[in-house]
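Have the structure open while you read.

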Amino acid sequence: MSQFGDFGSLCSQVPSYTWCNLFYRQVLPEHPKILTGLSANATSAPVGVNPVCGIPRVNTDGSLGNIADIIACGLSIFVVAAIIIHAGRRQAAVGRTEIRILFFIYLATLPLQLLTTGSLLEQGSTALVALTALHAGLVATLFWWLLGNAIVATQVVEDGTLSSIIPLSIIGVFFFVATTYISFDVALTLTHTFGPSNPPEALASIPLFVLTSIWPGVAAVIYLGLMLYIVIGVLNEIRPVWYYVISAILFVLSQLAYFLLSKVICQVSDASHAPGFSRLA
């Protein structure tokens, strides 16, 4: 039975779940017999640990890797870059500097997303572990800066000044360093503080689970609450509320689609004999 902080079910049931790269490396040296099915061969294994369905590493039986994710990330890089440029031209915007930093961090996550979930690198490799750890650190930092933008919007501190940028940056660095270190320790068991899992099959790490799964959700909810308070309670506006509500709905739906539908899509693609998909019989 799965417990809080266990990644076992996620790594087997959710295709291309990024943080599973860390646990694959964790069990590979000491408990290789745990890796079965699609995960048995590290050179061709998809993202995940014993996934029921996955995309084999690029060039394995004609696999193109996670081509949809690769294209989406590639296009998103140009879109986010355009948003950053546009945001810099808005002279009167509140929190202009802070929002650009947020988008810069998001921009940095995109190539890492492409590399860590694109089935391009060999599972268990040090390069994949390092990129995944950096990715985790940036994701945790990204949601701090999202929340920080809401705090700045309350005008508790003057936006764009050192009194705003320095505290946000210091806390952001803390999130990045802590999450990146924990990710490395989970994968490489450097200190045995955050790994290995007990039992090994559980693929468990409560700190990693909190920082990569719980914290982003909490930060997003608090951000939404603060922005709704500012728009309705302070500015007495209604129209912007719909933008935030629709964005929140789309965010929730995207998460549900990722966690609930991605396996279905993977299995349907495999059943139609699409190249580059594999699943257990």
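Cys 73 sits out of the pairing: its sulfur is 17 Å from the closest cysteine sulfur, that of Cys 20, which is too far for a bond. A disulfide here is a pair of cysteine sulfur atoms within 2.5 Å. Cys 73 is also buried, at 4% relative accessibility; buried means under 20% relative accessible area, exposed over 50%, and partly exposed in between, with a 1.4 Å probe and protein chains only.

A word on the ground rules: this is a predicted model, where local features need pLDDT of at least 70 and side-chain atom pairs count only at pLDDT 80 or more, while totals for chains, interfaces and linings use all residues. Residues are numbered from 1 along each chain as its sequence is written, and side-chain values use heavy atoms, with hydrogens and water left out.

**The disulfides**

By the sulfur cut-off, the count is two disulfides. Here they are next to each other.

| Pair | S to S | Torsion about S-S |
|---|---|---|
| Cys 11 and Cys 20 | 2.2 Å | -105° |
| Cys 53 and Cys 266 | 2.0 Å | about -85° |

The Cys 11 and Cys 20 link is left-handed, and both of its cysteines are buried. With its torsion of about -85°, the disulfide of Cys 53 and Cys 266 is left-handed too. Cys 53 lies in strand β1 (residues 53–54) and Cys 266 in helix α8, so this pair ties together parts that are 213 residues apart in sequence. Cys 53 is buried, with a relative accessible area of 1%, and Cys 266 is buried at 4%. Number the bonded cysteines in sequence order and the pairing reads 1-2, 3-4.

**The overall build**

The chain comes to eight helices and two strands. Both kinds of element are DSSP runs numbered from the N terminus: helices are H or I with at least four residues, strands are E with at least two. From the N terminus on, the order is α-α-β-α-α-α-α-α-α-β. The radius of gyration is 20 Å, close to the 19 Å that the globule rule gives for 281 residues, so the chain is as compact as a globular protein of that length. That radius is taken over C-alpha atoms, and the globule rule is 2.2 Å times the number of residues to the power 0.38. Along its principal axes, the C-alpha trace spans about 60 × 45 × 35 Å.

Buried residues make up 43% of the 281 residues. Of the contacts (heavy atoms within 4.5 Å) with a separation of 6 or more, 68% come from residues 24 or more positions apart.

What does the largest nonpolar core look like? This core has 48 residues, and those with the most contacts inside it are Phe 7, Val 49, Phe 143 and Trp 215. A nonpolar core is a set of buried Ala, Val, Leu, Ile, Met, Phe, Trp, Tyr and Cys residues joined through side-chain atoms within 4.5 Å. The elements giving it two or more residues are α1, α2, α4 (96–117), α5, α6 (162–188) and α7 (206–234). Helix α5 gives the most, with 14 residues.

Helix α5 (residues 126–153) has 28 residues and reaches 41 Å from its first C-alpha to its last, close to the expected 40 Å; the expected span is 1.5 Å times one less than the number of residues. As 22 of the 28 residues of α5 are buried, this helix is largely enclosed by the rest of the structure. Just after α5, Gln 155 takes a positive phi of about 65°.

Back to Val 49: leaving out residues up to four places away in sequence, its contacts include Cys 11, Ser 12, Cys 20 and Phe 23. Ser 12 is in helix α1 and counts as buried, at 16% relative accessibility. Beyond its neighbours within four places in sequence, Ser 12 is in contact with Val 49, Asn 50, Pro 51 and Val 52.

**The aromatic rings**

There are 11 aromatic pairs. Rings of Phe, Tyr and Trp (its six-membered ring) pair if their centres lie within 6.5 Å, with planes under 30 degrees apart counted as stacked, over 60 as edge-to-face and the rest as tilted. The rings of Tyr 17 and Tyr 258 have centres 6.4 Å apart and planes at 35°, so this pair is tilted. Tyr 17 lies in the loop between α1 (8–13) and α2 (20–27) and Tyr 258 in helix α8 (residues 239–271), so the pair ties together parts that are 241 residues apart in sequence. Tyr 17 is buried at 5% relative accessibility, whereas Tyr 258 is partly exposed at 29%.
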